[in-house]
Amino acid sequence: MDVLVKSMCMTIVPKLIAQDLGLFRNLLSAVFPNAKLLPPNVEELREAVKEICKEQNLLPNDAWVNKIMELNQVQTINHGVIMVGPSGSGKTQAWRVLQAALERVDKVKSECHLIDPKAINK
């Protein structure tokens with residue numbers, strides 16, 4: 001049962017908007033009353049994200065750091081990720097900070113390839 005709940009949390013939570021998180025957690029609690037709805041243990045990565053934000057003069061508020069952690073969850077499951085949102089909302093800085101934090105925690109150099117969506121045929 002814990003594996004099912006963890007899987008649901010890892011795949012669904014990053015896709016939800018903030019207003020729907022409470023509803024999702026209530027539904028999970030109703031269906032799985034004894035399940036623990038804790039996020040995976042990523043405190044070392046969270047601290048690395050905050051350190052990198054400080055180094056780059058970025059303000060690591062909780063909502064933005066949580067979105068970076070959700071991006072990490074999505075990247076763990078999927079091979080490719082599309083980030084959408086208005087200009088200036090922090091999409092580019094989010095993936096750059098996550099990349100730097102993962103390099104610091106895992107001690108492995110990583111690469112990111114950006115693809116212009118207009119260059120892809122439908």
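Predicted model: local features only at pLDDT ≥ 70, side-chain atom pairs only at ≥ 80, totals over all residues.

Biologist: Which conventions apply to the model?
Modeller: Local features need pLDDT of at least 70 and side-chain atom pairs count only at pLDDT 80 or more, while totals for chains, interfaces and linings use all residues. Residues are numbered from 1 along each chain as its sequence is written, and side-chain values use heavy atoms, with hydrogens and water left out.

Biologist: How many helices and strands are there?
Modeller: There are five helices and zero strands; both are DSSP runs numbered from the N terminus, helices being H or I with at least four residues and strands E with at least two. The C-alpha atoms fill a box of roughly 40 × 40 × 25 Å along the principal axes.

Biologist: What percentage of the residues is buried?
Modeller: Of the 122 residues, 25% count as buried. Buried means under 20% relative accessible area, exposed means over 50%, and partly exposed lies in between (1.4 Å probe, protein chains only).

Biologist: Which residues touch the most other members of the largest nonpolar core?
Modeller: They are V49, W64, I68, V97 and A101, in a core of 15 residues. Helices α3 (43-55), α4 (62-77) and α5 (91-106) each supply at least two residues of this core. Apart from it lies another core, of eight residues, including V5, L16, L28 and F32. A nonpolar core is a set of buried Ala, Val, Leu, Ile, Met, Phe, Trp, Tyr and Cys residues joined through side-chain atoms within 4.5 Å.

Biologist: And what is V97 in contact with?
Modeller: Leaving aside neighbours within four places in sequence, V97 is in contact with V49, I52, C53, Q56, L58, W64 and I68, where contact means heavy atoms within 4.5 Å.

Biologist: Is L71 buried or exposed?
Modeller: L71 has 9% relative accessibility and therefore counts as buried. Its place is in helix α4, and L71 touches V81, M83, A94, W95 and L98, not counting residues up to four places away in sequence. The C-alpha atoms of L71 and L98 are separated by 8.1 Å, although these residues are 27 apart along the chain.

Biologist: Changing topic, how many salt bridges are there?
Modeller: The count comes to five, a salt bridge being a side-chain nitrogen of Lys or Arg within 4 Å of a carboxyl oxygen of Asp or Glu.

Biologist: Where do E55 and R104 lie?
Modeller: The side chains of E55 and R104 meet in a salt bridge at 3.0 Å, N to O. E55 lies in helix α3 and R104 in helix α5, so the pair ties together parts that are 49 residues apart in sequence. R104 is partly exposed, at 33% relative accessibility.

Biologist: What about E70 and K67?
Modeller: Their side chains meet in a salt bridge at 2.9 Å, N to O. E70 and K67 are separated by about one helical turn because they are three residues apart in helix α4. E70 is buried at 12% relative accessibility, whereas K67 is partly exposed at 42%.

Biologist: Which residues are joined into one network?
Modeller: Salt bridges that share partners join E51, E55 and R104.
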